[in-house]
Amino acid sequence: MEFWQSQCKRAKFYKSVKSSWKTELGKELPKLANMATSADQNEKEFLCCYKDCGVTGGRTLAAEDARVDVRAFESKSKQKVKVVDWQEGGAATFHRACWSELLKATKDSTSSISLSDVERSMILDAKKTAEYHDSKSSVLHEAKRIAYIIKNSRHCIVFTGAGISTAAGIGDFRGIDGKWTKRDKLKNYGSKGAGQAASQKPVEQLRPTYTHEALFKLMEMGVIKFVISQNTDGLHRLSGIPADQIAELHGNSFIEKCEECERRYERSFPCRKKSTAVPEKKCPRCRINHRTGRRCSQPGCQGFLMNTIINFGDYLEKDVIGGAQTQATMADCVLALGSTLMVSPANDLVLMGQQPIRLLICNRQTTPYDILCLLKGPDDQPVGSRVFGDCDILMKQVMSELLTPEELQSWEGGRKDRLVEYGLKRTTVR
Ligand SMILES: [Zn+2]
Ligand SMILES: [Zn+2]
Ligand SMILES: [Zn+2]
């Protein structure tokens with residue numbers, strides 16, 4: 001909570017500095033009209049879970065409609081739940097407008113919606129997991145703007161989080177199925193290994209998503225200059241991003257480094273396997289053993305190798321954060337994909353660049369910086385863009401704006417061959 005408040009203060013400060021700009025601060029964010037879809041959800045229809053849903057056309061939510069997905073603690077006192085048709089496991093989907101009404105009702109005792117205490121607390125609980133999806137037309141509109149902005153930027157950098165790897169099979173942190181959401185539910189606040197999103201698949205079986213591939217393509221085209229990632233899954237490097245054009249803030253599961261000479265080794269297998277041949281060493285900061293069981297092969301070194309994963313309590317690697325800061329300072333445009341931008345130092349990096357920074361954010365959850373995307377520049381247009389939805393859907397549209405139909409077809413058609421290449425670069429655990 002404190003963190004949120006400090007971020008809001010930061011945003012307010014930022015706004016006051018830019019007081020010459022007009023803002024849309026007064027507008028409520030989830031007003032982004034009609035909405036949503038995800039590649040595999042295109043065909044799906046949902047029922048709005050607000051029983052008195054007043055949206056014209058009834059409770060059926062087309063995949064095109066702006067919607068919100070939430071998950072609440074399951075209530076044991078079902079008889080006190082009357083307003084929302086909660087689904088299995090406390091899940092619910094609403095029209096954006098219906099959700100706004102319900103949220104208002106939690107604060108306003110004069111609201112026409114009368115909530116029991118149980119249901120009010122369920123809604124407030126569910127609010128923390130809300131995942132928003134904009135309407136398809138809104139995503140298309142923003143994709144055009146984003147393509148134009150990044151193409152015309154001088155130094156566009158990309159900031160990525162777990163949300164771009166969910167399509168590859170890696171778990172998310174927040175949101176309806178997020179690891180932290182589940183952790184909070186289980187009331188299990190253990191910190192061990194909490195720094196990584198749980199993978200639903202072994203990490204060596206993960207492959208770059210549409211978004212990973214698009215970012216590499218954009219880098220080849222010179223449209224984006226650098227990637228800063230919170231992910232440890234190694235998928236950006238696997239997609240082809242060169243080591244000197246990425247800062248993996250929280251480490252890379254496939255990279256280990258020498259305790260003595262700091263030489264780095266990039267492997268085709270995940271570097272977390274411990275060997276009994278090597279004495280364990282509890283890290284003084286995260287209390288976890290980083291040693292992988294292998295030794296440095298530099299002549300005369302023989303140092304123990306350690307994984308590069310940053311756990312809670314660990315410091316970020318100096319060179320890595322330094323590189324990220326240098327790039328962030330040069331940036332005039334930041335494309336932030338699949339991150340809630342809540343974990344330090346994301347908050348500093350996205351605002352470090354040339355002003356006015358063009359902040360383009362796409363993910364399903366709100367971030368502390370959403371209002372900054374909507375600040376207006378001298379031309380009375382928003383300087384950035386805020387898209388609620390899946391990164392792959394947005395990036396597909398962005399790529400179709402930046403490539404000719406022939407280029408797009410040839411590039412997308414190349415995925416089959418690329419998957420073979422990725423496979424050659426990955427082996428199972430050694
Ligand atoms: Zn509704
Ligand atoms: Zn060494
Ligand atoms: Zn540690």
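Tutor: Start with Gly384. Setting aside neighbours within four places in sequence, Gly384 is in contact with Arg358, Leu359, Leu360, Leu372 and Cys373. Bear in mind that this is a predicted model.

Student: What makes Arg358 a contact of Gly384?
Tutor: The C-beta atoms, placed from the backbone, must lie within 7 Å. Arg358 is listed among the contacts of Gly384, so this pair meets that cut-off.

Student: Where does Gly384 sit?
Tutor: Gly384 is in the loop between α10 (370–373) and β15 (385–388). Its C-alpha atom is 7.9 Å from that of Ile357, a residue 27 places away along the chain.

Student: Why is Gly384 called buried?
Tutor: Count the C-beta neighbours. Buried takes 20 or more within 10 Å. Gly384 has 26, so Gly384 counts as buried.

Student: How do you know whether His250 is buried or exposed?
Tutor: Use the cut-off of 20 again. His250 has 21 other C-beta atoms within 10 Å, so His250 is buried. It lies in the loop between β8 (246–248) and β9 (255–258). An unreviewed UniProt entry places the feature "active site" at His250. Such annotations may be inferred rather than shown by experiment.

Student: What makes Glu262 exposed?
Tutor: Exposed takes 12 or fewer neighbours. Glu262 has 12 other C-beta atoms within 10 Å, so Glu262 is exposed. Its loop runs between β9 and β10 (264–266). Glu262 also has a positive phi of about 65 degrees, although it is not a glycine.

Student: And why does Gln302 count as exposed?
Tutor: By the limit of 12 or fewer. Gln302 has 12 C-beta neighbours inside 10 Å, so Gln302 counts as exposed. Its place is the loop between β11 (291–295) and β12 (304–307). Phi of Gln302 is near 65 degrees, a positive value in a residue other than glycine.

Terms used. Residues numbered from 1 in each chain as written. Chains lettered and ligands numbered in written order. Predicted model: local features only at pLDDT ≥ 70, side-chain atom pairs only at ≥ 80, totals over all residues. Helix = DSSP H or I, 4+ residues; strand = E, 2+ residues; numbered from the N terminus. Contact = placed C-beta atoms within 7 Å.
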